[in-house]
Amino acid sequence: MAETTQGSRTPTPPRRFLAPLTATQTVALSLALIWAPLVGLVMFRAALGAVAPYVLLPAIPAVIALYVMAARRWRESWVAVLGVTLVSFWLLMAVSAPYLPLPDPNKPLVPLMLPGTFAHGMRFVLGTDMRGRDILSRTLWGCQRVLVWGVTATSVAYAVGAACGLIGGYLGGWWDEMVSFAANVLLSFPVMVLFILVLNLLGQSGFNIIIAVTCSSAPVIMRIVRSLILEAKSRDYVQAAQTRGEHPLWIMLVELLPNVRGPLVVDACLRLGYTTVAITTLTFLGLGLQPPDPDWGLMIREASTTALLWKYSYMLIVPALAVSSLILGFNLIADGLREMSLRD
């Protein structure tokens with residue numbers, strides 16, 4: 001056999017970044033392409049300036065790709081597919097709103113136009129409110145704030161609650177006593193009273209809603225995670241990691257948390273629905289998201305008086321149905337995931 005010449009090179013495997021993405025990496029990338037621009041547009045629209053109309057363009061194909069992946073993966077449960085369809089619809093509307101042929105949601109046009117009315121060269125599919133603003137436009141734009149603040153608040157609550165539950169459940173001792181005592185103190189307050197107390201002390205804004213939701217939801221999440229960790233930390237894989245001398249933080253994040261994620265994912269979907277209800281209720285009471293930008297809770301609040309007349313009840317029905325469909329989607333996803341886990 002001829003020897004390899006000095007100038008020849010051994011073929012090298014392709015670089016890692018050229019390899020196809022795994023399913024988990026694809027989902028993570030899709031979520032990043034959706035959530036980062038959507039949060040930036042809702043929270044920092046003024047700072048984006050002229051770039052604002054274009055930041056959501058990558059999110060549109062990401063939503064479609066994520067929906068296709070979820071529908072294929074969960075096709076054995078029609079409940080989960082129906083739930084992810086409802087949630088994906090509103091998510092697609094949220095990222096597509098700047099590019100749809102909709103009037104300015106805050107611009108007064110013709111007051112109290114009934115659904116389907118044609119006036120001034122425009123067709124008002126869902127009518128207008130008492131200030132003449134197009135309800136279809138306000139509904140589609142309003143889902144941006146509900147999704148961003150609801151999902152962000154739930155994510156922060158889960159990060160805090162899961163961290164406390166991991167520490168208390170795995171380390172035990174005074175760590176467990178400390179986090180359990182703090183959780184019991186917060187749980188002693190009725191949820192709505194705690195919301196009102198936090199928002200009255202800190203002020204009415206989206207960021208303070210995140211703090212209020214964290215104060216109310218994190219203790220419950222902590223208890224769920226703590227109970228799961230207490231059951232799982234006696235498993236063989238945890239004892240093997242302890243024998244190898246792994247750091248407790250590594251054991252909690254790499255060994256324990258991924259192995260108890262199933263019940264947490266189901267609870268997170270349910271909690272997203274609870275948080276959406278809470279934010280809408282707070283906005284209706286005047287303690288949540290503030291005008292002028294549209295929001296479903298704000299639309300219900302503004303229409304609560306005028307909609308007492310049956311002729312104008314559409315102003316209340318439209319945002320109420322929007323909220324209900326989004327919450328139904330989250331609940332159906334949770335039910336579908338629970339159903340599939342029981343089959344396994």
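**The second largest pocket**

A: Start with helix H5. It gives four residues, the largest share, to the lining of the second largest pocket. Keep in mind that this is a predicted model, where local features need pLDDT of at least 70, side-chain atom pairs count only at pLDDT 80 or more, and totals for chains, interfaces and linings use all residues. Residues are numbered from 1 along each chain, and side-chain values use heavy atoms, without hydrogens or water.

A pocket here is an open set of 1 Å grid points that fit a 1.4 Å probe, with protein on both sides within 12 Å along at least five of seven lines; lining residues have an atom within 4 Å of a point. This one has a volume (space filled by the probe spheres) of about 330 Å³.

Its lining counts 17 residues. Nearest its centre lie Val42, Arg145, Trp149, Gln290 and Asp293. Two or more lining residues come from each of H1, H5 and helix H8 (206-232); helices are DSSP runs of H or I, at least four residues. By class, the lining has eight nonpolar, six polar and three charged residues; Asp, Glu, Lys and Arg count as charged, and Gly counts as polar.

Now the largest pocket. About 2000 Å³ of space lies inside. Its lining has 45 residues, with Val27, Leu31, Trp74, Val265 and Leu337 nearest the centre. Here 35 lining residues are nonpolar, six polar and four charged.

Helix H1 (23-43) and helix H5 (135-171) each give at least two residues to this lining. So do helix H3 (59-73), helix H4 (78-96), helix H11 (261-284) and H13.
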